[in-house]
Amino acid sequence: VYNWSDYIGEETVANFEKEYGVKVNYDVYDSNQVVEAKLLAGNSGYDLVVPTLADAQRLIQAGIFQKVDKSKLENFGNLDKVILNQTAKYDPNNDYAVPYLWGTNGIGYN
């Protein structure tokens with residue numbers, strides 16, 4: 001798994017490994033440029049990558065990702081159609097990406 005920093009809880013990977021008896025290779029990155037450079041270099045070894053949608057579009061066009069087998073995602077049909085329509089603008093038919101987190105948080109302070 002290659003993900004943004006702080007996107008999951010501190011114990012999530014350990015809990016998943018314990019429950020399913022697997023070892024997870026979990027790495028984080030802190031910018032779009034870092035993930036894009038690593039993936040475009042080839043053979044990253046990751047089964048799951050969490051890029052921004054705009055970066056995903058470029059990486060899809062570069063042939064980096066495999067299509068998602070939606071038949072293995074029994075809850076895919078429960079995803080919000082409004083969000084799927086938005087992601088389809090970058091990934092037609094939502095073939096390569098599945099929405100994970102959506103939205104923008106902002107804090108203004110004066």
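User: How are α2 and α3 oriented to each other, roughly parallel or roughly antiparallel?

Analyst: A note on the source comes before the reading. This is a predicted model, in which local features need pLDDT of at least 70 and side-chain atom pairs count only at pLDDT 80 or more, while totals for chains, interfaces and linings use all residues. Residues are numbered from 1 along each chain as its sequence is written, and side-chain values use heavy atoms, with hydrogens and water left out.

Helices (H or I, at least four residues) and strands (E, at least two) are DSSP runs, numbered from the N terminus. Axes are lines fitted to C-alpha atoms, for helices over the stretch in contact, and angles run from 0 to 180 degrees between N-to-C directions. Angles under 35 degrees count as roughly parallel, over 145 as roughly antiparallel, 65 to 115 as roughly perpendicular and the rest as oblique. Here helix α2 (residues 32–41) packs against helix α3 (residues 53–61) at about 15 degrees, and their axes are 11 Å apart. The two helices are therefore roughly parallel to each other.

User: Which residues of α2 and α3 meet?

Analyst: Contact means heavy atoms within 4.5 Å. From α2, N32, V35, E36, L39 and L40 meet D55, R58 and L59 of α3. By class, the residues of this contact are four nonpolar, one polar and three charged. For these classes, Ala, Val, Leu, Ile, Met, Phe, Trp, Tyr, Cys and Pro count as nonpolar, Asp, Glu, Lys and Arg as charged, and the others, Gly among them, as polar.

User: Which residues of α3 are buried, and why do they line one face of the helix?

Analyst: An α-helix has 3.6 residues a turn, so residues three or four places apart point the same way. Buried means under 20% relative accessible area, exposed over 50%, and partly exposed in between (1.4 Å probe, protein chains only). In α3 the buried residues are L53, D55, A56, L59 and I60. Seen down the axis of α3, they fall within an arc of 150 degrees, so they line one face of the helix; the arc is that of the directions from the helix axis to the C-beta atoms. These buried residues pack against α2 and α4 (81–87).

User: What does D95 touch?

Analyst: D95 lies in the segment after α4 and counts as buried at 18% relative accessibility. Residues up to four places away in sequence not counted, D95 touches K67, V68 and K70.

User: Where is D6, and what is its phi?

Analyst: Most residues other than glycine have a negative phi, and most peptide bonds are trans. D6, in the loop between β1 (2–4) and α1 (12–20), has a positive phi near 65 degrees. D6 is exposed, with a relative accessible area of 73%. N93 is not a glycine either, yet has a positive phi of about 70 degrees; N93 is found in the segment after α4 and is exposed, at 57% relative accessible area. For a glycine, consider G63, which follows α3 and has a positive phi near 80 degrees.
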